[in-house]
Amino acid sequence: MAPAKQKNEKDYDDIPGTYVFDAERSRQGYHLNMFCMSLMKAENRKAFKADEAKYLDQFPLTPDQREAILKRQYNRMLELGGNIYFTAKLGATDGHPFQHLAALMTGSTQQDYADLMLRGGRSVEGNRSKSGRFEPKTTKSGAKSGVKPKTASKGKQRRG
Amino acid sequence: MARIIAGVTSSHVPAIGAAIDNHRTGEPYWQRVFEGFERSKEWIAKARPDVVIGVYNDHASAFSVEIIPTFALGTAGEFPIADEGWGPRPVPVVKGHPELAAHIAQSVILDEFDLTLCNKMEVDHGLTVPLNLMFGTPKEWPCPVIPLAVNVVQYPPPTGNRCFMLGKAIRKAVESYPEDLKVVIFGTGGMSHQISGQRAGLINSKFDHAFLDDLTKNPKKLTRLSHLELMREAGAEGVEMVMWLIMRGALDDKVDEVYRFYTVPASNTAVGHIILANRIKGAKKAVGKKAPAKLKRAAARQKIQRIRS
């Protein structure tokens with residue numbers, strides 16, 4: 001029940017390739033997200049484009065967050081507390097359609113990503129959990145029953 | 001008295017709004033999506049709701065990370081269209097129904113749902129895209145819309161069960177409103193999608209179809225889905241399907257499935273849409289009229305149209 005351990009172990013961290021935007025990330029990424037929010041205004045977008053580094057000085061970002069923004073490292077931004085609905089505003093400011101960001105985050109080209117979606121998207125098979133715990137082969141009765149014990153512990157865990 | 005005659009769920013993919021705004025609905029890619037709503041437009045034109053309650057989520061438009069209300073009810077007379085970074089969508093301003101909204105607020109808060117009330121709020125594609133899908137692109141929306149914004153951006157959103165129970169409380173509130181009003185409730189968002197991280201692009205059609213089946217026949221089962229399971233099976237952003245359960249909670253236990261549509265993809269998302277109608281009870285004369293009765297017969301004949309890609 002050590003609080004520090006609980007803090008780092010959230011049931012949803014087992015989902016691969018996913019950064020769940022929870023209260024902790026929200027706090028960590030507050031200024032990063034507020035920077036993105038500022039890009040809702042045309043004059044701010046203009047100022048940012050004119051001198052990105054200077055514009056970012058207004059926001060008390062961590063050096064890592066600052067670097068991730070300047071280098072457009074979208075997964076890193078999520079890891080550092082960014083939320084996709086906010087970071088998408090940065091992508092829009094750059095004039096990119098959303099699938100450009102999705103392609104960056106998934107390490108593919110925009111065309112490959114668009115093709116993947118047209119083929120019906122990324123399969124959930126093999127993408128359920130890092131531990132492999134919830135794949136149908138290990139829980140033959142179905143993922144639904146497999147999740148029950150996990151769910152039971154969920155509430156306790158995340159309130160830690 | 002006012003009453004809820006039906007519920008509608010629909011995805012609210014922003015790219016659908018962009019396709020409408022940029023006149024690209026005739027392109028084959030988008031035709032596939034819009035065709036699925038043709039019958040729905042006919043249905044709602046006949047149902048003629050007096051008020052729509054629109055359950056949706058804000059996408060960092062009205063609410064940033066400064067204030068994160070779990071349930072925010074729009075009690076204003078009108079709701080301006082938010083500028084989401086490309087200028088406001090060219091759609092009519094959403095007019096509210098402040099009297100009914102205030103009544104709902106009072107009733108559900110006393111029923112122990114601690115809503116945030118918004119007398120000033122802009123609304124984004126989360127609300128306006130479903131309005132377009134159901135009403136097309138009129139000069140004015142055909143009826144007042146009461147927005148109910150649900151936090152699904154910051155984890156945790158309200159549980160499915162909480163949403164379902166809120167739906168029940170909303171229904172009770174509506175039914176205690178003295179004016180004869182036909183209300184349709186929209187639950188928006190979904191279906192399976194993930195737009196963040198290396199797992200972006202996730203779609204789980206099997207899960208979606210099962211969800212639609214259960215939404216009609218066995219919604220209680222859906223109220224027991226954990227957020228973890230929703231995120232794992234339907235994508236991190238797919239968790240927003242909890243909003244559909246507010247709609248479902250506001251309906252009868254047994255409903256008629258009037259229509260269903262499902263297609264993949266719209267941009268990064270599986271589009272799911274369903275219309276569920278409350279069965280007509282003998283006593284509710286003032287509201288009955290022809291359209292719902294006809295719908296009921298249609299549904300009874302199992303004329304459920306399913307279009308699947």
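Mentor: Start just after H6(A), where A:Arg72 takes a positive phi of about 55 degrees. Helices here are DSSP runs of H or I with at least four residues, strands are runs of E with at least two, and both are numbered from the N terminus. This is a predicted model, in which local features need pLDDT of at least 70 and side-chain atom pairs count only at pLDDT 80 or more, while totals for chains, interfaces and linings use all residues. Residues are numbered from 1 along each chain as its sequence is written, and chains are lettered from A and ligands numbered from 1 in the order in which they are written.

Trainee: Which residues of helix H6 (residues 63-70) of chain A are buried?

Mentor: They are A:Gln65, A:Ala68 and A:Ile69. A residue is buried if 20 or more other C-beta atoms lie within 10 Å of its own, exposed if 12 or fewer, and partly exposed in between, with C-beta atoms placed from the backbone.

Trainee: Why are the buried residues of H6(A) said to line one face of the helix?

Mentor: Seen down the axis of H6(A), they fall within an arc of 100 degrees, so they line one face. The arc is that of the directions from the helix axis to the C-beta atoms. As background, an α-helix has 3.6 residues a turn, so residues three or four places apart point the same way. On the face of H6(A) turned away from the buried side are the exposed residues A:Pro63 and A:Leu70.

Trainee: What covers the buried residues of H6(A)?

Mentor: The cover includes H3, helix H5 (52-56), H7 and H8 of chain A.

Trainee: How many residues of chain A are in contact with chain B?

Mentor: 49 residues of chain A are in contact with 32 residues of chain B. Contact means that the two C-beta atoms, placed from the backbone, lie within 7 Å. Among the elements that give two or more residues to this side of chain A are helix H2 (23-28), helix H9 (98-106) and helix H11 (143-158). By class, this side has 28 nonpolar, 14 polar and 7 charged residues. Nonpolar covers Ala, Val, Leu, Ile, Met, Phe, Trp, Tyr, Cys and Pro, charged covers Asp, Glu, Lys and Arg, and the others, Gly among them, are polar.

Trainee: Turn to chain B. Why is B:His23 called exposed?

Mentor: B:His23 has 8 other C-beta atoms within 10 Å, so it counts as exposed. B:His23 lies in the loop between helix H1 (14-21) and helix H2 (28-35) of chain B, and its phi is near 55 degrees, a positive value in a residue other than glycine.

Trainee: What makes B:Arg48 partly exposed?

Mentor: B:Arg48 has 14 C-beta neighbours inside 10 Å, which means that it falls in the partly exposed class. B:Arg48 is in the loop between helix H3 (38-47) and S2 of chain B, and has a positive phi of about 45 degrees although it is not a glycine.

Trainee: Why is strand S7 (residues 145-150) of chain B described as largely enclosed?

Mentor: 6 of the 6 residues of S7(B) are buried, so the strand is largely enclosed by the rest of the structure. Both faces are covered: B:Val145, B:Pro147 and B:Ala149 on one side and B:Ile146, B:Leu148 and B:Val150 on the other.

Trainee: How do you know which strands pair with S7(B)?

Mentor: Two strands pair if DSSP finds at least two bridges between them. Strand S2 (residues 51-56) of chain B pairs with S7(B) in the parallel sense over 5 bridges, and strand S3 (residues 71-74) of chain B is joined to S7(B) by 3 bridges and runs antiparallel. B:Ala149 is the bridge partner of B:Tyr56, and B:Ala72 also stands opposite B:Ala149.

Trainee: What makes chain B agree with a compact globule?

Mentor: With 309 residues, a compact globule would have a radius of gyration near 19 Å, and chain B has 18 Å, so the two agree. The radius is taken over C-alpha atoms, and the globule rule is 2.2 Å times the number of residues to the power 0.38. Of the 309 residues of chain B, 59% count as buried.
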